[in-house]
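Dear colleague,

Please find below the structure that I am handing over to you. My notes on it follow directly after.

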Amino acid sequence: MAAETTTAILAAPSATTAEITPLPAFSPDLYQRAWASIPHPSLPLIATCHAHSVTVFSLSTLSKHSVLTGGHTRSVRSAAWQPPRGKVSGKEAKRLRLVTGSFDTTAGVWTWDQGRREERLEREIRLQSGEDNKEAEEEEEAEDEWELTLVLEGHENEVKSVNYSPSGQYLATCSRDKSVWIWEDVGNPNPSSEEEEEEEDEDEWETVAVLQEHDGDVKAVAWCPDVPGRKGKYAPPRRYGDDVLASASYDNTVRLWREDGDGEWVCVAVLEGHEGTVWGVAWEGRPRENDKFPRLLSWGADEVIRVWSLKEPEEEEHGEGAAGGGNNTWGFGVPNTMRRSLKEEWECTAVLPKVHKGDIYSVAWSTETGLLASVGSDGVLALYQETANTTEKNEENETNGEAPTTTSAGGWKVLTTVKGAHGPYEINHITWCKRYDAGSERKGEEEMLVTTGDDGVVRPWQVRIQ
Amino acid sequence: MAKSDLDNANPTVLSVSQLPSRNLAKGHVRKGPDSKYDHILFPKQWWAGSSLNTDPSVWTSDEDEDDDLTLATEEPIDEQEIYGENYDPSSCTYLLSTISDPEHPVTLGQIAVVRLDDIHLSPSPAERLDPNTLTNVEVDLTPTVNHCSLATVIGLAVRVRLENALPPNYRIIVRMKDGSHAQDDQVNKQLGDKERVAAALENDTLKGIIEKMLETCV
């Protein structure tokens, strides 16, 4: 399975060389299609969905940490870690929570109570040195340590994707039933260390919205991260809540959703341009200069990756927004009749150079370096870099009809590609995550890529940029 | 199968374990506890229950070769093998033409839903120097009725059959032949959607229908 690596050297403006080399795959091998691997936001853990279960791997040992089984009757397609909520401390901080989305139409909320297993956790966090072989047996009994604490029911068909809002307040789920559901976590919202003893296991979720504007399966949902630009001076007038949800669909569109002043979730933009199923969306997690609003990526069956940017608001609108800036929610009540004008204007500002031949299933945008990595049915892993702010347009863009028209459009270059990254198999998912394994020179800081394939292999990749 | 059978000169009764793998590189064979569709179709690997060609002369013994071998002496899979040329219902050498129609007691080959001329491999077998080259198998189906509601089911059965029978470097594209079906686009899009196909195969009713259609293949 020698992966064939080619290194491309970038011409000016920034001559960058990138090298991607495979690291040993996570063990054990899953021997069956795995759909996605989701890294924990702060701990050295990554959760891989395959068949009816999820296997959690340790990023320090690159081996199995625990397994979530028995909660779903059909394949688990996606998973999301609960982000840390506010200033958590004590037991709350030691509790792991994972939400799974399954083809069995439900989403499962799973809890791992670290309190009783401090040692195990510490072992994982301790960037271990490699003499833990005898603990392999203990791993087996770890399988029942995850508890399915709540089942979210409501979708009529397969749940395809689940995602937590940055604060952890909301969870979005989407399904083949063409709907997006937004759930609010209303259980024990302010865990104080005193009451915790009895209340820590209380789970309560409310459905706050059922969004049904897509004309086809909703393939993926993604919340805009809490970066400065989300509320920056270029953010739209504050008639909406801070959270922004993007959804990708079989109907070839991407939709953006926000909560208006009346507490209603509304579609604020429809992004059209893809000529096939949109497999996914990803937000820019790296703060932009001048706190510009984060951009959005979308990719799909048309083998194209698009970058979308919010059109900066007109001056007067902008002024209004600034006036409302002191308001910590969404400013003014707006009559229904005016809603139409509240649509946000998004435009496709870049189309990445075409690499893939076949569906693009996943793209990851690094919050550290801003590099993009994509994978798809052709088994190719591609790495891209944005060229310095320039008005020069991508040549590939021009053939696409939807060529970027504004000067804010940046160009993107392919840094390198790896063919056959999972041998002859399709690759379903790619993500950036931090390295904690023994081979890393800067544990907890160095970034690596992790790909997940139809071969059941979850493989980390070292990325060297010069 | 009993040991004595292993020496049988008749190639059609070769035991499963004796059939050389047509899989392209051993390193890519993935045997696991829960392989994707095995429970639907074959309890064994594809080359066992559904050998593409029973003529032993085309097989090379790869038993002793290295993992990174290239089976240069092996003939690449061609359109005839996928279709199942020389239709012979008593043999189990056919990939597609022997699939049953979901409604009638005939095979897809008999009613020309699957036609040899509508199966295309790219790159063509002759061009494939490296056996790991990703190869597209395009199958255009011709449903018998314009509004055939079962077009999707037939397409799904064809896709499942090929996914299980072909090595992992094959990418399968199943479509309705232009103009043969009223909702071509929807059906084609559905059949090309990996996630939908995977979910459909977890639906017991659908799985039952497809299982039945594929019974005549084994």
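Cys224(A) is placed in the loop between S15 and S16 of chain A; helices (H or I, at least four residues) and strands (E, at least two) are DSSP runs, numbered from the N terminus. This is a predicted model, in which local features need pLDDT of at least 70 and side-chain atom pairs count only at pLDDT 80 or more, while totals for chains, interfaces and linings use all residues. Residues are numbered from 1 along each chain as its sequence is written, and chains are lettered from A and ligands numbered from 1 in the order in which they are written.

Cys224(A) counts as buried because it has 22 C-beta neighbours inside 10 Å. The criterion is as follows: a residue is buried if 20 or more other C-beta atoms lie within 10 Å of its own, exposed if 12 or fewer, and partly exposed in between, with C-beta atoms placed from the backbone. Apart from its neighbours within four places in sequence, Cys224(A) is in contact with Arg230(A), Val244(A), Trp283(A) and Pro294(A), contact being defined by C-beta atoms, placed from the backbone, that lie within 7 Å. Tyr164(A) is 60 residues away along the chain, and its C-alpha atom is separated from that of Cys224(A) by 10.0 Å.

**Sheets of chain A**

S15 and S16 belong to an open sheet of four strands, with the order S15-S16-S17-S18 and antiparallel pairing; two strands pair if DSSP finds at least two bridges between them. Its edge strands are S15 (218-223) and S18 (265-272), each of which pairs on one side only. From one strand to the next the twist averages 25 degrees, where axes are lines fitted to C-alpha atoms (for helices over the stretch in contact) and angles run from 0 to 180 degrees between N-to-C directions. Within this sheet, five bridges join S16 (residues 244-249) to the antiparallel S17 (residues 253-259), and Ala246(A) stands opposite Leu256(A).

Another open sheet has four strands in the order S2-S30-S29-S28 of chain A, again with antiparallel pairing. S2 (18-22) and S28 are at its edges with a single partner strand each, so one side of each has no neighbour in the sheet. Seven bridges link S28(A) to the antiparallel S29 (residues 447-453), with Lys434(A) opposite Glu447(A). S29(A) also pairs with S30 (residues 458-465) in the antiparallel sense, over five bridges; there, Met448(A) has Gln462(A) as its bridge partner.

Which residues of S21(A) are buried on its two sides? Ile305(A), Val307(A) and Ser309(A) are buried on one side, and Arg306(A), Trp308(A) and Leu310(A) on the other. S21 (residues 305-310) is joined by four bridges to the antiparallel S20 (residues 296-300), and Trp299(A) is bridged to Ile305(A). The hairpin of S20(A) and S21(A) has four residues between the strands, and Glu303(A) takes a positive phi near 70 degrees in it. S21(A) also pairs with S22 (residues 346-351), in the antiparallel sense and over five bridges; Arg306(A) has Val351(A) as its bridge partner there.

**Nonpolar cores**

The largest nonpolar core has 111 residues, and those with the most contacts inside it are Ala79(A), Val363(A), Ala373(A) and Leu381(A). Such a core is a set of buried Ala, Val, Leu, Ile, Met, Phe, Trp, Tyr and Cys residues joined through C-beta atoms within 7 Å. It draws at least three residues from each of domain 1 (1-31 + 360-387 + 403-466) and domain 2 (43-359 + 388-402) of chain A, the bounds coming from an automatic or database domain assignment. A second, separate core of 36 residues includes Ile82(B), Val113(B), Val158(B) and Ile210(B).

**Chain B**

Chain B has six helices and three strands, which run α-α-β-β-α-β-α-α-α from the N terminus on. Of its 218 residues, 36% count as buried.

In helix H6 (residues 204-214) of chain B, Ile210(B), Met213(B) and Leu214(B) are buried. The buried residues fall within an arc of 90 degrees seen down the axis of H6(B), so they line one face of the helix; the arc is that of the directions from the helix axis to the C-beta atoms. These buried residues pack against helix H3 (151-165) of chain B. On the other side of H6(B), Asp204(B), Thr205(B), Gly208(B) and Lys212(B) are exposed.

With kind regards

Technical notes:
Two residues are in contact if their C-beta atoms, placed from the backbone, lie within 7 Å.
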